[in-house]
Amino acid sequence: MASVTHDELRKCIEQAYPTATLYLFQDVGSGGPYSVFGQSRQTVNFQQKLQQLGVDAVISGNCGCGLCTTKETGSSIAAEYIGIPTVTVGAPTFIAQIHSTGVNRGVPVLRTAEYPGAFAAHTEEELRRNAREVLWPQIEQALLQPISPQEIMQYATAGKRPYDEVIYTGSFSEVQEFCQINDWTDGLPVVPPTDALVKEYLRFTPYEASRQLGIYALAYRECTVYTVAVNAVMAGVPKEMMPICIALTQALGNGEWRKPLASTHGWSPYAWLNGPLARQLGIDCGQGMISEQANKMLGRFIDLMMLNLGGYYIKENRMGTYGYLTPFTFA
């Protein structure tokens with residue numbers, strides 16, 4: 001419904017700023033999803049177009065689904081990187097995803113304008129009224145008001161920490177509560193990753209604990225073998241499965257991985273294992289295989305890996321309308 005809301009916003013700008021020059025989507029295109037690993041030709045062309053036209057501000061939208069949000073926010077991020085302030089328009093469900101996408105790609109604060117409801121559920125008259133009465137005041141304020149230190153702190157990441165830091169000591173129930181508060185679990189009890197247990201798991205890999213496996217989307221966090229072991233312990237997988245857990249974590253580096261997970265459709269990842277290791281470790285390949293213990297354990301590791309190593313959060317950047325099946329494995 002952007003063609004309707006953008007047209008109404010154009011009228012608002014013309015009325016408030018009659019000397020302004022306005023460019024619509026068809027004049028400048030869009031930046032597409034923004035990658036920290038290297039910008040696409042689309043992103044570079046978009047930035048060059050903005051500079052050629054002398055654009056002073058960008059309004060991007062509408063973010064009304066998970067994949068739309070990634071793309072529309074990408075245009076805002078591309079503009080911010082060349083010094084152009086932006087506002088990204090989104091439905092309520094996707095405002096958190098806009099901020100998350102910006103922070104994960106190096107923009108501390110992305111200003112947003114929240115539309116009151118689902119775009120596709122409203123008539124053209126409602127769309128125009130809401131664009132005029134609800135969106136435009138937010139957009140104008142966002143572009144005129146300087147970003148405050150408080151805003152930056154609100155969305156700032158915690159920063160880099162030692163990979164083997166002891167961060168909490170407590171009873172079993174206290175550890176569960178601590179993990180829940182910090183969004184480190186899937187909502188179920190976890191095995192407390194004590195230093196002794198983690199070191200036992202590290203015996204089942206030839207890699208050093210400090211070895212970096214990669215920097216994975218969506219949060220672009222550095223991932224070490226140690227943090228893989230921590231999540232393997234939490235998931236309750238047997239320590240003999242550490243090589244598989246490392247391989248599954250490295251799969252996060254595939255650029256195709258994250259695309260479906262931002263969608264409002266209900267995609268679920270799974271692991272497909274083959275070879276002697278799968279059989280030696282008892283990964284089931286028969287009837288009811290995804291319900292077998294070993295298969296379920298590795299599925300839970302995938303869930304925790306995505307959450308804690310990749311930064312995939314329900315209602316923030318995993319946007320399935322009804323949620324997701326629990327990940328699973330089969331051989």
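## A buried threonine

Threonine 329 comes out at 0% relative accessibility, so it counts as buried; the cut-off for that label is under 20%. Bear in mind that this is a predicted model.

Where does threonine 329 lie? You'll find threonine 329 in strand S7, which covers residues 328–330. Setting aside neighbours within four places in sequence, threonine 329 is in contact with Ala271, Ile283, Ile290, Ala294, Asn295, Leu298, Gly299 and Ile302.

## Helix H14

Next up is helix H14, residues 293–310. With 18 residues at 1.5 Å a residue, H14 should span 26 Å, and its end C-alpha atoms sit 24 Å apart, which agrees.

How many of the 18 residues of H14 are buried? The count is 16, so H14 is mostly covered.

## How H3 meets H4

Two packed helices are described by the angle between their axes and the distance between the axes. For helix H3 (residues 41–53) and helix H4 (residues 66–81), the axes come within 10 Å and cross at roughly 55°. That angle makes H3 oblique to H4, and H3 passes H4 in a right-handed crossing.

Which residues make the contact? On the H3 side they are Thr43, Phe46, Gln47 and Leu50, while H4 brings in Ser75, Ala78, Ala79 and Tyr81. Sorted by class, the contact of H3 with H4 has five nonpolar residues, three polar ones and no charged ones.

Note on methods:
Residues are numbered from 1 along each chain as its sequence is written. This is a predicted model: local features need pLDDT of at least 70, side-chain atom pairs count only at pLDDT 80 or more; totals for chains, interfaces and linings use all residues. Side-chain values use heavy atoms; hydrogens and water are left out. Axes are lines fitted to C-alpha atoms, for helices over the stretch in contact, and angles run from 0 to 180 degrees between N-to-C directions. Helices (H or I, at least four residues) and strands (E, at least two) are DSSP runs, numbered from the N terminus. Angles under 35 degrees count as roughly parallel, over 145 as roughly antiparallel, 65 to 115 as roughly perpendicular and the rest as oblique. A crossing is left-handed if the near helix is turned anticlockwise from the far one by less than a right angle, and right-handed if clockwise. Contact means heavy atoms within 4.5 Å. Ala, Val, Leu, Ile, Met, Phe, Trp, Tyr, Cys and Pro count as nonpolar, Asp, Glu, Lys and Arg as charged, and the others, Gly among them, as polar. Buried means under 20% relative accessible area, exposed over 50%, partly exposed in between (1.4 Å probe, protein chains only). The expected span of a helix is 1.5 Å times one less than its number of residues.
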